[in-house]
Amino acid sequence: MTVPRLVVAAPSSNAGKTSVATGLIAALTARGLAVAPHKVGPDYIDPGYHGLAAGRPGRNLDPWLVGEDRIGPLFLRGALHPRPADIAIVEGVMGLFDGATHPSVEPGFASTAHVAGLLRAPVVLVVDASSQARSVAALVHGFATFSPDVRLGGVVLNRVGTDRHEAILREALGAAGVPVLGAVRRMAELHTPSRHLGLIPAAERSDAALATVRRLGEVVAAAVDLDAVLTLARSAPPLDARPWDPALEVAATSARPRIAVAGGPAFTFGYAENAELLEAAGAEVVAVDPLRDEALPPGTAGLVVGGGFPEVHAAELSANETLRADVAALAARGAPVAAECAGLLYLARELDGLPMCGVLDVATAMSPRLTLGYRAAEAVSDSVLASAGTRVRGHEFHRTHAAPAAGPDAAWRWSAAGPEGFVAGSVHASYLHLNWAGSPQLAQRLVTSSARRSENARAHR
């Protein structure tokens, strides 16, 4: 299948690739093109800005989480769903060749270069030129020749100071033989606010996020040769893959259990494929916002509470006593509840001293230490999400801690670390983030458990 596409990468983090990628998506969308946005790696926040710019969900491409063989199919799912895109923009992660640091994989696995190779996509390198002149040519030359599997199709110079500075950079890169697709000037007003886990999610900034995305599109449209970008994207060869179809990954139950999925500003972390797998397995997926909704949707037979920033909204979450009580009652009735990271904090007894749902007898609090990394995990206990011994690949990303770190029946174990997370009755809660596209049986098991609970509830009416 042929989809025009390119990968936006950088020599390192903080070079401006998120701004350039989001600006490209916004600028091409403003031209009337349908743009499919993607993000390499497990990051949840950048795809939110991509989605604002494109008007369709940003999706992740991570070989660690889903396996190499699913990268092409998942890319095509995003490029063709909900409607075929004219071009796909894939934002990279960290530096171009920086990947997972895990003993089970080769160096560079799950890097931007790895994904670009799997997609056979040309790469646009975003270079922070603020402290460089002629040396930029040596830098770009190195990235262009480091791996034969990477086709460097052009450079976007970022944080350029003056016309003279731009001329020096362009002259140097002309000698290096790499096309300069654009030069973006230093613009302080384009700064996107950050906090303890990176950029503030787009869903939390609402109007401010929309204004930032709109401005990024204007800047990129004025500074980058969009026609050259389109030509480069259209040079990508056909992909030998079929679009990922969640209906082929799971078997649909006829019971149609209603599963509520937490969302809103406090719970912005989630992969689109998770909800799609729940629906393909037969569930009716409905949204609940723990900040605003006073009760779970009527007929809720299961609950999924994913990641986000409950620590930022702890007072408001705690103040919504009626929903907290409803969640606790749902768990007490034996309905399946799957929670990860932020969801664990919400189900705990308290978060930073404020009462939460009390489903788990756990105290959670902010921590000065960032816990970040890929995990190869094994299920310790049978649960509504996984049977004991199930192996999955996930990641951790938080600045909080739980005391205790695990219950008598733990959720997962990885490497030499001790058990982690909680399995208590029908509740599964852990810090581990998962993309269920890599382990579709998790969605299947959760829907089956919810369907059984729903049928039992009807039988006792």
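A word to carry along: buried means under 20% relative accessible area, exposed means over 50%, and partly exposed is in between, with a 1.4 Å probe and protein chains only. Keep in mind that this is a predicted model, where local features need pLDDT of at least 70 and side-chain atom pairs count only at pLDDT 80 or more, while totals for chains, interfaces and linings use all residues. Residues are numbered from 1 along each chain as its sequence is written, and side-chain values use heavy atoms, with hydrogens and water left out.

**Stop one: the rings**

Select Tyr44 and Phe269, which are both buried. Rings of Phe, Tyr and Trp (its six-membered ring) pair if their centres lie within 6.5 Å; planes under 30 degrees apart count as stacked, over 60 as edge-to-face and the rest as tilted. The structure holds eight aromatic pairs. One of them is Tyr44 with Phe269, stacked at 4.8 Å centre to centre with 10 degrees between the planes. The two partners are 225 residues apart in the chain: Tyr44 is in the loop between strand E2 (35–40) and helix H2 (45–54), and Phe269 is in the loop between strand E10 (258–262) and helix H11 (272–280). Those labels are DSSP runs, numbered from the N terminus: helices (H or I) have at least four residues and strands (E) at least two.

After H11 comes Gly282, with a positive phi near 110 degrees.

**Stop two: a charge over a ring**

Select Trp64 and Arg393. The charged end of Arg393 sits over the Trp64 ring, 3.9 Å from its centre. The cut-offs here are NZ of Lys or CZ of Arg within 6 Å of the ring centre and within 35 degrees of the ring normal.

**Stop three: an enclosed strand**

Next, show strand E5 (residues 123–128). Why is E5 largely enclosed by the rest of the structure? Five of its six residues are buried, so the strand is largely enclosed. Which strands pair with E5, given that pairing takes at least two DSSP bridges? Strand E1 (residues 5–9) runs parallel to E5 and is joined to it by three bridges, with Val7 opposite Val123. Strand E6 (residues 152–160) also runs parallel to E5, with six bridges between them, and here Val127 stands opposite Leu157. Trace the chain from E5 through helix H6 (residues 135–145) to E6 and you follow a right-handed β-α-β crossover. Right-handed means that, with the strands pointing away from the viewer, the path from the first strand over the helix to the second runs clockwise.

How many cavities of 30 Å³ or more does a search of the whole structure find? There are two. A cavity is a set of points on a 1 Å grid over the protein atoms alone where a 1.4 Å probe fits but cannot get out, and lining residues have an atom within 4 Å of a point. Volume is the space filled by probe spheres set on the points, which are joined across faces, edges and corners. The largest cavity has a volume of about 40 Å³. Ten residues line it, and Gly308, Glu311, Cys341, Leu345 and His398 lie nearest its centre. Helix H14 (342–347) and E17 are the elements giving two or more residues to this lining, and E17 contributes the largest share, three residues.

Stay on Cys341. Its phi is positive, about 60 degrees, although it is not a glycine, and at 5% relative accessibility Cys341 counts as buried. Cys341 is placed in the loop between strand E13 (337–340) and H14.

Jump to Arg256, another residue other than glycine with a positive phi, near 55 degrees. Arg256 is partly exposed, with a relative accessible area of 48%.

Then select His81 and Pro82: the peptide bond between them is cis, with omega near 5 degrees. Pro82 lies in the loop between helix H4 and strand E4 (87–91). In H4 (residues 71–80), nine of the ten residues are buried. Finish at Ala403 and Pro404, joined by a cis peptide bond with omega about 0 degrees.

Notes: Pairing = 2+ DSSP bridges. 1 Å grid on protein atoms, 1.4 Å probe; cavity = no way out; pocket = protein on both sides within 12 Å on 5 of 7 lines; lining within 4 Å.
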